[in-house]
There are 2 protein chains.
Amino acid sequence: MERDLRPSKLTLAAVAAEVGVSAPTVSKVVNGREDVAEATRARVLAALQRTGYKSPLQRKSIPEHRAVEVVFDSLNSAYGVEVLNGVMEHAAVSDMEVILSITGRQAGSPLGPEERAQRLIDEGRAGMIVVTSAFGAAQLEAFKRRQIPIVVVDPLNPPPADVFSVGASNWAGGKAAATHLLELGHRRIAYIGGPSTAECSQARLHGYMAALMAEGVAVDHEYVSDGPFKPENGVRAMKALLALDNPPTAIFAGSDSIALGVLAEARRQNVRIPEEMSLVGFDGTHQAEESVPPLTSVSQPLQEMGRSALSFILRQKNGEEIDSRRVELATHLVVRESTAPPRASNARAAAAVED
Amino acid sequence: MERDLRPSKLTLAAVAAEVGVSAPTVSKVVNGREDVAEATRARVLAALQRTGYKSPLQRKSIPEHRAVEVVFDSLNSAYGVEVLNGVMEHAAVSDMEVILSITGRQAGSPLGPEERAQRLIDEGRAGMIVVTSAFGAAQLEAFKRRQIPIVVVDPLNPPPADVFSVGASNWAGGKAAATHLLELGHRRIAYIGGPSTAECSQARLHGYMAALMAEGVAVDHEYVSDGPFKPENGVRAMKALLALDNPPTAIFAGSDSIALGVLAEARRQNVRIPEEMSLVGFDGTHQAEESVPPLTSVSQPLQEMGRSALSFILRQKNGEEIDSRRVELATHLVVRESTAPPRASNARAAAAVED
DNA sequence: CTGAAAGCGCTTACAG
DNA sequence: CTGAAAGCGCTTACAG
């Protein structure tokens, strides 16, 4: 009796035969087990993809990848809400549902990487958008092994090279902010950064430094500090800057919420903005627009970043060839009312320029 | 060898043993085959029910009713984000998932009431939390007919009597705000309300009026206006109030975002807050805390409202007897830096009068 | 209508 | 890291 070489039934064993491995090996790959050589895993994954094999569960399960999960550290930052808005907008267009998840808020037993990844599969998610630094390499690895499309938005720590990510041109933004202040005539410009370990904060700092250096302005280390992306950090840094013998005439804050802290401390010390101190923020959230005075800020296309993240997921899911694993969207400076030329009569500023 | 009568693994075979039939017979019942005697089927069904047997597929597929849908008009208000935070918190505790939905953003064909309700059932949602006024009686009716638990949060329009709702003590909050201003010595107190049709805004207005009347202060109609819960409304009203022959010395704004508009216009016209004008907001969002100056505001327990809404859903789902269809949580006044006694010689008001 | 027997497809445990 | 063998839980085919 002739053996049918192209099995009509697409079983796990059939895939195994096709690849030339045993059924258990394919089973391991399908279930994301770790004890499979990378080369073997790759060949099996290719065959699974090519044949379109679905486990009995996948064949029967109802939810057909119509939902993405979005994970945030918290929803207390305007930043996160804007990104979420972008995701929601694209979800509406592409008829997807959005499941919201906040890290550190899991019930009783916090899920480990493997469980979390497995749950995502079991519940038929199309993928996951990560807007948190709480996901380490182990977590990302578990997703990758199970072929769950995943996109990291503006990662605080650089993600593994093969993980998709969406960000903004932080370096160019930092440069634009400092250039704006230089063009207004400022020379003593401080930078209040976010966490020194955060890629985005580093890039902003270096953009700022590049602008100063291009103008031949030395970077004064007393003018540069870092800390969390929070108002308290702005308050702290502003206090320190105002206590200097030769305080700056302008401040570039690494985020709008840091800038808000600067604003509050300026008011407490009766330093008028922009008359006595210019201030530029970063992010371009609504907060910047609505503050008093409205904040000049480097706007990140946060909604666009959210949209791109979901679009990335959808393209991965559809098996599209994706040339670049990183999308970097443009930032642009929005000039509002918190920046002005340094006062001519600002004796200390004048002295500094004349040096 | 003794047979274990209480099998540790709840397999189909175990159920078969319990009933005293073979595994194939139970299999047939589970799969709805016809070739089973009615009496046998009944006994098997009873055992399935009693033991709670689930097929491997059922065990793995999405646990039914593990997700609630939350619907917002938009995510652009701090108000909505706070409520969402509360929902998320309770969801984590009760191991539910949250599906986020923004009205007016549905794909191509906007769903009608019936389709929307049916879809919710088809996708196995536990219920829906509505934080939008976009759901009319028809929509609520469609949900009710299908017995989908639904809760309306702080409805702008009073919902049908039999719909569950969660709100805050708006009247008491309005009274507290006005009383605070009266106690500081103000007598000319304006109210800038939200939409006149909104229940919550009306309640705040009447609380304000009650406080004034209790002190024997007449309500000046020139001092009362309404509009949307947006900064623009605050700007508009503030302009009008400052143009009066006898402007107020204090303003009670119907929401923090209205108050933010007042603040911006005050700054533009060089009216210092609180020195020349006291200002009280409503909502107690982060915006109020972070504004310059920090805003005295009537705080609503927005997170608590979110938590309560989900709790309501869960109780309905569990078939609990619920005595009250309305939960009203307490508001409380948080005094910050935007209120102060009126100046003994209110120079500016005097000047305005003298013009 | 019932169930012993065979079978199916996947997974597990473990020897190499 | 791999896969032969055993096992698991369910289903199918069919004799009675």
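Start with strands β4 and β5 of chain B. β4 (residues 150–153) and β5 (residues 164–168) run parallel, joined by three bridges. Strands here are DSSP runs of E, at least two residues, helices are runs of H or I, at least four, and both are numbered from the N terminus. Within this pair, V151(B) has F164(B) as its bridge partner in β5(B).

A word on the model. It is predicted: local features need pLDDT of at least 70, side-chain atom pairs count only at pLDDT 80 or more, and totals for chains, interfaces and linings use all residues. Residues are numbered from 1 along each chain as its sequence is written, while chains are lettered from A and ligands numbered from 1 in the order written.

Now the whole sheet. Twelve strands form an open, mixed sheet, in the order β11(A)-β5(A)-β4(A)-β3(A)-β1(A)-β2(A)-β2(B)-β1(B)-β3(B)-β4(B)-β5(B)-β11(B). Pairing takes at least two DSSP bridges between two strands. β11 (326–329) of chain A and β11 (326–329) of chain B stand at the edges, each with a single partner strand, so one side of each has no neighbour in the sheet.

Chain A next. It holds 14 helices and twelve strands. Of its 355 residues, 43% count as buried, meaning 20 or more other C-beta atoms, placed from the backbone, within 10 Å of a residue's own.

Last, DNA strand D. Two or more residues each come from α2 (23–30) of chain A, and from α1 (12–19) and α2 (23–30) of chain B. The largest share, four residues, is from α2(B).

Key: Buried ≥ 20, exposed ≤ 12 C-beta atoms within 10 Å, placed from the backbone.
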